Structure formats: structure tokens, C-alpha cells
Amino acid sequence: MSHFVSLLGRWRRRFWLMPVLALVVVLLLWPAAMLAVGAFRTSPPGMPGQWSWRAFAALASQDGIWTAARNSAVLAVTTTALALLLAPAFAFLSQRTGIRLRRVITPMMMIVFATPSLFYAMAYSLMGNRFNGYANALLRILMGDEAPVFDVESWAGLLGVTTLRATAFIYLFIAPAFAALDRAHEDASLVSGRGKAGTFLRVSLPILAPAITGAAILGLVAGLHAFDTVLILGEPAGIRVLATEIYDMLVHAYPPAYAEASLVSLLLVLLVGALCIAQFLLLGRRGYVTVTGRQGARRPHDLGGWRWLAGGLVCVYFVLGVAAPFGALVYGAFQPFPGVHGALTWLHFERVFTRPGVLQAVWTTGLLAVGVGALAMVFGVALALANTHLGPRGRTFVRFAALVPYAMPGIVAALAVTWAYVSVPGLRQIYGTPWMLVVAFIVVVMPFAMQAAQAAVAQLSPDLAAAARVSGASALRANVGIVGRLILPSFLAGWFFVAIIIAGNLDVPLLLGTPTLSTVASQIFILQSQGQMGDAAALVVSSIFGVLLLGPAALLLRRAVRARRSRLRSPGTGRVSAGAAVRLQGELS
Amino acid sequence: MSGIRIEALRKHYGAARGIEHLDLEVEEGEFFVLLGPSGCGKTTALRCIAGLEEPDAGTIRIGATTVVAPARGVFVPPNRRDLGMVFQSYALWPHMTVEQNVGYPLRARGWPRDRARAAIARALALVDLGGLGNRYPGELSGGQQQRVALARAVVAAPKLILFDEPLSNLDAQLRARLRQDLRRVHRETGHTAVYVTHDQVEALALADRVAVMREGRVEQLGRPDDIFLSPATRFVAEFVGYDNLFEATVEQSGTDGVRVALGGRCAPLSARSSARLAPGSPVHLAVRSNRIRLGKGAAADRRNSLDVRVLDAAYLGDSYQCTVQWPGGRPLLAQVPADLWKQEGAALMGGPAHAFFPQDELVALPAGDGGRQ
């Protein structure tokens with residue numbers, strides 16, 4: 001009895017957790033559950049139907065699905081493997097050496113990571129088209145008509161472009177570990193008589209192994225998520241993966257094969273989920289602990305003659321990842337015909353913005369990006385804060401719930417949300433409205449929002465809020481006035497990033513949009529698939545320009561927020577590490 | 001009325017050990033120190049008093065108010081407990097000036113502005129920080145930051161102030177100064193203080209009473225000199241700096257001491273004991289290295305002495321620390337004042353020597369309570 005009273009009292013005080021946890025269930029778990037249900041229904045969402053195993057038989061008899069599964073695996077494994085060669089090299093160069101170009105590596109990787117894959121696919125399709133690609137045109141100019149022709153709409157092109165992005169992704173994940181690696185470990189090996197290369201192989205790499213393995217798993221997950229790159233660069237060459245196969249079953253098949261699509265999605269989710277759990281188990285405790293070590297006394301490695309090679313590597317990546325694709329997009333947007341060098345023209349811009357639906361799409365995209373971005377970040381922060389107030393079991397629950405959307409490629413998330421909301425009578429009306437996109441986007445960006453929010457909250461010593469509580473502030477006042485205020489810069493950065501993901505996402509609007517409800521991404525895809533490359537490029541360039549305008553605005557806001565603090569020497573690192581120490585101690589004592 | 005009464009407190013963190021069963025009483029106006037190694041539950045206990053943790057069972061009363069009683073569903077949140085707290089990490093809010101930091105508890109309590117301003121000035125003066133009110137925490141040194149934290153804790157004149165290892169991030173000199181400040185502020189404001197630390201020197205300097213904690217319960221409770229001079233267990237002895245421990249058997253037990261046999265060719269020794277130890281029971285003898293007196297010549301029939309051979313001597317500045325071998329067991333440490341070493345060092349190193357154990361400094365402790373691993 002008394003146990004019950006105590007439990008009841010405890011829950012009453014944590015009442016604010018209830019709506020947050022309810023949202024977790026409604027937004028993250030319910031769609032996943034309904035996706036599983038959908039695999040066993042004979043009818044589309046919201047229609048009367050029966051339970052059935054039919055989808056299994058139907059799927060087993062399709063040859064295409066096995067090819068697609070194999071292609072998904074090849075794409076994920078190959079790109080991850082290649083990225084695992086490149087990313088640690090870049091991380092080493094940027095964090096552990098003194099080469100001059102090291103400072104450009106991280107910004108470069110951030111640009112590549114933040115640019116939607118749709119834009120990359122577009123850019124490479126502009127450059128590498130067999131007939132009118134700019135790169136091929138350039139080769140012909142340089143080498144005459146005998147020049148080799150590069151076709152980006154092929155396995156090589158698909159793998160190359162995906163590897164480019166996977167490298168950035170993995171780099172950003174492992175670079176902090178490289179930065180935190182204690183040089184003393186390496187020095188100890190050097191004085192023990194091992195050379196630099198041997199030290200790197202036998203000491204540095206094993207210490208970093210947890211971080212690298214974790215990154216590898218995330219790379220595989222991202223590879224399995226690949227959708228728009230495959231649609232644009234793979235489809236013309238007949239390369240299909242599971243994500244595009246699901247899209248086909250839903251959009252091109254008649255009648256739409258909901259059960260089969262759901263079953264494939266479910267299997268994909270289970271596979272990705274297993275990978276996520278593996279990553280979690282692997283990194284759970286160790287990842288960040290192994291690479292403590294003091295900062296500050298960082299003596300960079302001297303590469304000697306190798307530094308030219310290293311600089312060359314950075315330049316090549318910069319050209320392939322930033323200069324060439326962005327250059328091609330801009331060039332293509334101002335050229336009358338792709339592949340032909342003519343007078344610069346605004347023609348495409350005029351045409352694309354007078355197309356019916358485009359301005360509407362720009363509006364929709366802007367509202368969704370800003371609005372859903374804010375919602376997702378608020379939700380993420382609420383979850384991160386809830387995490388600090390939950391017991392171990394609650395924390396595990398939230399952690400797993402947050403993994404669920406991670407396991408869902410965008411196309412699967414869109415399908416799951418369809419099942420979840422169209423099946424509920426009162427909610428059916430939101431199908432075909434922007435609200436459907438809102439819900440699906442929240443699911444899609446939740447992992448990123450959670451990540452950003454958790455990193456921001458984790459940076460704050462819990463003592464800061466505790467100090468406010470013991471000073472007499474209510475929980476709300478402490479969380480808004482102290483925690484909210486202090487994480488504001490990270491919140492804004494996360495919001496910006498999430499907004500870009502939403503604006504660049506193609507899976508969700510393709511599946512959940514209607515002819516009158518589209519986003520910039522779906523408009524770009526439509527133009528591209530109709531062969532209106534110039535118009536598509538103009539829209540991409542306009543989007544990038546829009547984001548660049550938004551970027552400085554966000555940056556200014558962030559700086560304004562920071563100004564007051566960093567006029568002063570911020571107690572930053574000291575505070576953080578003290579906080580970490582305190583947290584650790586709190587867990588121990 | 002700001003005494004604290006803790007009864008049967010229990011707090012677990014998942015599988016990790018927290019507090020098993022804690023009973024504690026702190027008198028009003030007292031400076032009470034919880035002393036123990038990391039992981040002993042002292043911080044958890046403090047956070048339970050503050051209301052930052054919810055205990056699983058037991059009760060906590062502050063003054064006449066029951067603030068925690070899970071069995072009855074009672075839990076007063078930290079903001080309604082009228083307390084101040086100083087954190088190890090200072091926990092100053094970086095986006096607020098010193099004045100805003102210190103004034104926060106007053107704003108939270110809804111004080112009128114002019115009264116608050118006066119109180120802030122008083123609190124800053126109390127910690128010698130007058131004139132720094134417009135600075136940001138990032139512009140202050142560690143010691144100054146911790147004094148701001150102290151000012152914030154006292155500004156609203158709470159009856160109870162909690163300290164969570166407030167000095168452990170500071171260097172030795174600053175720590176000594178701040179200790180005096182803490183003591184002075186306590187004297188001037190008259191609050192009840194509960195102070196958590198793992199540093200025995202802090203405990204001795206600050207406390208009216210000390211509770212040594214181990215694995216979530218109180219191992220020994222008493223005045224600082226009780227703890228320092230009469231540790232009740234091997235764990236406490238080791239924790240408060242008894243650096244020599246060796247085994248013996250009780251031969252004869254008296255009212256305030258025991259005679260113990262060391263085995264072998266050693267003569268029996270007299271030792272102090274606070275517990276009644278039955279003859280024949282095994283004990284640990286504890287003695288600080290600076291209380292053993294080394295002398296030239298064999299022990300022979302010298303009182304409470306053992307034959308020793310000096311193996312090594314390390315210079316410590318004002319003394320030499322000698323490693324000495326005695327017949328009964330592992331070598332002991334003994335300190336010899338530097339000036340004495342100048343006269344006798346050569347003789348001690350070369351020839352036979354003896355170690356004298358003043359009876360009051362040799363403490364017999366019941367064996368079998370483990371001690372530190």
C-alpha cells in the first residue's frame with residue numbers, strides 16, 4: 001500500500017512527463033505498430049479488410065524484390081566500406097595533423113552532410129549524363145571526340161555519389177573521437193619503439209574502434225535509407241533498392257500493394273532496428289569514455305612529404321563534394337540547354353516560378369521546414385529533459401522509442417504514418433492535408449532533433465537547474481529560465497539543420513503529397529524526371545540561396561544570443577567537464 | 001527550527017548501490033560534515049535532503065516539517081524547502097551577472113526590489129566580493145566563483161545550507177582560505193550546515209560533528225577529534241590517515257586499553273581501544289607514521305617498543321620518512337623530524353634501532369570489518 005502511495009506521489013510530481021511520453025507513443029510507436037499490422041491486412045489503410053498472410057506469398061514470388069534487397073545490401077556495404085577508408089583519414093588529417101588545409105575539412109564535410117541528397121543526385125545527373133553532362137562535355141573539349149564517356153547513371157555513379165555523402169556522415173561522427181584521443185597513448189607507443197604507422201595501427205585505431213564501428217553501423221543504416229539518389233541515378237540504369245521498390249508498390253502498382261509494401265518496410269525496419277541495437281550495445285557505455293584525455297596539449301603530427309598527398313586528397317574531395325556539384329547546379333540554372341555552353345540567362349528562373357504550383361510549394365516547404373523544425377526541436381528538448389527525470393527503465397523506453405524512427409527510411413515513415421492515421425476514423429480527414437506531412441516529417445527528423453537536443457542538454461551540468469530549484473524556483477521556471485535559456489544557441493542550430501532536412505526530403509512529399517500539395521523537393525524531382533534539367537537546377541539554386549539567406553539570419557540570431565555571454569570569457573569547458581564529473585559522481589554515489 | 005532528522009532513509013539507483021539504511025540527526029545551528037570516499041552515498045544523502053533526489057523509503061524532517069515520507073506520499077519539492085546549496089561545480093549561471101546570480105533566490109521568493117538589492121550587497125560583502133556585482137561568472141577566478149555560489153546560498157537567509165564538496169575544484173591555498181570564510185560565514189549567519197566532503201582536513205577544520213560514511217550507512221559519528229584520534233573501525237582509521245596497520249591478538253583487556261601480542265619474538269604492546277575486546281580476539285593495530293618514535297639501540301626492555309631495522313629513508317622537507325622492518329610482518333612507515341635525523345640518521349640507518357609506540361597513539365581496532373580494499 002505504502003509503496004503504491006509513494007509511486008502515486010512520484011507520478012503526480014512528474015505529471016508533465018505524461019504528455020511528452022504520450023507524444024512518444026502517438027508519434028513514434030503507434031506508426032511502427034500500425035506498419036506491422038498493415039503487413040497482414042488485405043486492404044489499403046482505412047478500408048475494411050481481412051487478416052491475411054497473403055503478402056508473404058506475393059512477395060516470395062516476385063523476383064524483383066530479391067534483386068532490390070541484394071542491391072540495397074551492395075549499396076549499403078560498399079559505400080560504408082569506402083567511406084570507412086576515407087573518413088578516418090580525413091578525421092586524422094583535420095584533428096591530428098598540422099597540414100594547412102585541415103581547417104577546411106570540417107566545414108566542407110558539414111556542407112556535404114547538410115546538403116540534401118536530392119540536390120547531389122541532381123547535380124551529378126547534370127554533370128555526368130552520358131549525352132549532355134558537363135563533365136563529359138569538358139572531357140570532349142580537353143581530349144576531343146575520342147574522350148572516354150562517364151555515365152553517372154550507373155552503379156559506379158550511384159556508389160560514388162553515395163560514398164561522397166557517407167564519408168561526410170561518418171567523418172562528422174568520428175572526428176570528435178579523433179580530437180579527444182589522448183596523445184599520451186601514442187607517445188607511449190612511440191617511446192616503446194613502434195613507428196608512427198605501427199602506432200596508428202596498433203594503438204590509435206583500436207582505441208577508436210568503438211567509435212568507428214558505431215559509425216560503420218550508422219553508415220549501413222544510412223545506406224539502407226537511400227532513396228532519392230537511387231531514384232535519380234539508379235532508376236535509369238535499372239538499379240532498384242528496397243526503398244524505391246516500396247515506393248513503386250505504392251505509387252506505380254495498380255491497385256497499390258499496401259500489404260506487400262508494408263511487409264518489405266517491416267523487414268527493413270527490423271533489419272535496421274537490429275543494426276541500431278547493435279550500435280547501441282556496442283557504444284552504449286564505452287564510445288566516449290575511452291577517449292578522455294586532456295585537451296590543450298595538442299601537438300600535431302608532422303606528415304613530412306606526405307602532406308602534399310594529404311592536401312591533394314582534401315582538394316579532390318572538395319572538388320567532388322562541393323565545388324563541382326554546386327558549380328554544375330549554378331551553371332546549369334543559368335544555361336539555356338544542359339550540356340551546351342551558351343549565353344547566361346534567367347530563363348529557367350522565370351519559367352520555374354511561373355509554373356503552376358511552384359510558388360505554393362515554396363510556401364508549403366518554408367512553413368513545414370520552419371514550423372515542423374521548431375516542433376521537432378521542442379519535442380526533442382522535452383524528451384531530453386524528461387530523460388533526466390526518468391528512472392532507468394523509463395530512460396531505456398525513451399531511448400528505444402527514439403530508435404524507432406531511426407530505423408525507418410523516409411518512405412517507410414510516410415507509409416507507417418499513413419497506416420497510423422488513416423486507420424483511425426477521426427483522424428482520417430488529415431490524409432491529403434499538410435498535417436499529414438507535418439506528422440510524417442516529425443517522425444523523419446526526430447532522430448536528428450533528439451540528437452541535437454540531447455547534445456545540448458547533456459552539455460549543461462544538471463547542477464545548473466538544481467541550483468535554481470534549491471534557490472526557490474519551480475521546475476518550470478528552472479527549465480525555461482535556466483536550461484531553456486542556456487541551450488538556446490544549440491536549439492537554434494538544431495532547428496536550422498532539421499529545417500534543411502525537411503526542405504530536402506523527397507520521400508515524404510512524394511508519397512503523402514497530392515497534385516495540389518507538394519514541396520520544393522517534389523517539384524524538383526518532377527522537373528528532373530520530365531527532363532527539365534535547367535528548371536530543376538534553377539529551383540535547386542533558389543532553394544540553396546534561400547537557405548543561405550536563412551543561414552546568416554539564424555547565425556545572427558545565434559550570435560546575438562551569444563554576444564552577451566562571450567563578451568566575457570565563457571567558463572565553457574571548465575563548466576562542462578565539471579558538470580560531467582558531477583554527473584558521473586551522482587551516478588556513483 | 002532547522003535541525004534535520006533522517007530516519008531509515010533508502011535510495012537505490014537501478015542496480016547501483018545508493019543508500020541502504022541511513023539514520024542521522026543534525027542539530028539546529030550545527031556545522032555537520034558527511035565524510036567518506038566517493039560512492040559512499042554522502043552526496044546522495046545530501047541531495048535527498050535538498051529534494052533533488054526522491055528517496056525510496058524513510059523520512060526526512062527539516063525543523064518541524066516532514067519534507068520526505070514516501071510511505072505517506074509526502075515530498076516537498078526543493079523550491080519549497082527554504083534552503084541554500086553550494087555545488088562542487090559552482091553551478092553559476094553563465095548568462096547572468098554575479099548580481100543576478102546572487103539575486104536569483106530572492107527573485108524566486110518574490111522579494112521587493114529594494115530589499116533584494118540590499119540583501120545582495122550584504123551577501124556579496126559577506127564573501128568579500130563587493131564591487132564585482134556586474135561581472136559575469138566567466139570573468140571570475142575559481143575561488144571568486146565559489147564565493148559567488150556561497151553568497152547565492154546565503155542571500156535569502158535560509159535556515160539550512162547544504163554544501164556538496166564545494167572546495168574540491170580549488171587549489172590547496174584557496175581551499176584553506178575558503179575554509180576559513182565558510183567557518184566565518186557560518187558563525188555570522190547562524191544557519192545549520194550540512195557539508196559533504198572526502199577530505200578529512202576539511203572535515204576537521206569545519207565540523208562541529210562528523211559522520212564518516214561507508215557504503216550507504218554511517219560508520220562512525222562524533223566530534224572531529226573523536227574521529228581523528230579514536231577511529232572505531234579499520235575503515236575509518238585508514239580514511240583519516242592512519243598509514244600503518246598490522247595484525248595482533250588481544251592478550252589482556254582493560255577499561256581503556258588492551259595488551260596485544262604480536263607473535264614471534266616481539267614483546268606485547270599496550271594499545272588504546274574504544275571497544276571492549278575479548279582476550280584472544282584478533283585486532284588490527286593502527287598508528288600514524290608521524291607518531292612512531294625511532295631511536296638508536298635495540299628495544300630490549302624499553303616500554304611499548306619493537307626491534308626494527310631502517311631499510312630506507314625518504315626526505316619529505318621537515319622530516320624523513322623511514323621504511324622500517326620489524327620481526328612480525330610487512331615493513332612500517334615512521335617519520336623522523338629532520339633535525340633529529342641530522343643527529344641520529346646515520347646511526348639509525350647503520351645499526352640496531354627500536355620503534356616506540358606511545359600507548360595513546362596505538363589504536364586497537366576489531367578485526368574483520370574489511371577496511372579499504
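**View 1. Helices α9 and α10 of chain A pack against each other in this predicted model.** Axes are lines fitted to C-alpha atoms, for helices over the stretch in contact, and angles run from 0 to 180 degrees between N-to-C directions. The angle makes α9(A) oblique to α10(A). Under 35 degrees counts as roughly parallel, over 145 as roughly antiparallel, 65 to 115 as roughly perpendicular, and the rest as oblique. The crossing of α9(A) and α10(A) is right-handed; a crossing has this hand if the near helix is turned clockwise from the far one by less than a right angle, and is left-handed if anticlockwise. From α9(A), the contact uses A:His185, A:Glu186, A:Ser189 and A:Leu190, and from α10(A) it uses A:Lys196, A:Thr199, A:Val203, A:Ser204 and A:Ile207. Contact means heavy atoms within 4.5 Å. By class, the residues of this contact are three nonpolar, four polar and two charged. Ala, Val, Leu, Ile, Met, Phe, Trp, Tyr, Cys and Pro count as nonpolar, Asp, Glu, Lys and Arg as charged, and the others, Gly among them, as polar. Helices (H or I, at least four residues) and strands (E, at least two) are DSSP runs, numbered from the N terminus.

**View 2. Helices α4 and α5 of chain A pack with their axes 7 Å apart.** The angle between α4 (residues 63–96) and α5 (residues 102–114) of chain A is about 130°, and the two are therefore oblique to each other. Their crossing is left-handed. A:Phe90, A:Leu93, A:Ser94 and A:Gln95 in α4(A) meet A:Arg102, A:Ile105, A:Thr106 and A:Met109 in α5(A). This contact has four nonpolar, three polar and one charged residues.

**View 3. Helices α17 and α19 of chain A cross at roughly 130°.** The axes of α17 (residues 392–406) and α19 (residues 434–459) of chain A come within 7 Å. The two helices are therefore oblique, and the crossing is left-handed. A:Val398, A:Ala402, A:Pro405 and A:Tyr406 of α17(A) touch A:Val443, A:Met446, A:Pro447 and A:Met450 of α19(A). The residues of the contact divide into eight nonpolar, no polar and no charged.

**View 4. A cis peptide bond joins A:Tyr254 and A:Pro255.** Its omega is about -5°. A:Pro255 sits in the loop between α12 (242–251) and α13 (258–283) of chain A.

**View 5. B:Tyr90 has a positive phi.** The value is near 70°, in a residue other than glycine. B:Tyr90 lies in the loop between β7 (83–86) and α2 (98–108) of chain B. Most residues other than glycine have a negative phi, and most peptide bonds are trans.

**View 6. Chain B is assigned domain 1 (4–234) and domain 2 (242–366).** The bounds come from an automatic or database domain assignment. The centres of the two domains of chain B, taken over C-alpha atoms, are 40 Å apart. Seven residues of domain 1 of chain B are in contact with nine residues of domain 2 of chain B.

**View 7. Chain A averages a pLDDT of 82.** The pLDDT is the predictor's confidence in each residue, from 0 to 100. In chain A, 88% of the residues score at least 70. The pLDDT is below 50 over residues 285–297 of chain A, a stretch with 15 contacts beyond near neighbours in sequence. It is also below 50 over residues 566–589 of chain A, where there are 36 such contacts. Where pLDDT is low, the predicted coordinates should not be read in detail. Chain B averages a pLDDT of 89, and 97% of its residues score at least 70. The predictor gives the complex an ipTM of 0.78 and a pTM of 0.78.

**Notes.** Residues are numbered from 1 along each chain as its sequence is written, and chains are lettered from A and ligands numbered from 1 in the order in which they are written. Local features need pLDDT of at least 70, side-chain atom pairs count only at pLDDT 80 or more, and totals for chains, interfaces and linings use all residues, while side-chain values use heavy atoms, with hydrogens and water left out.
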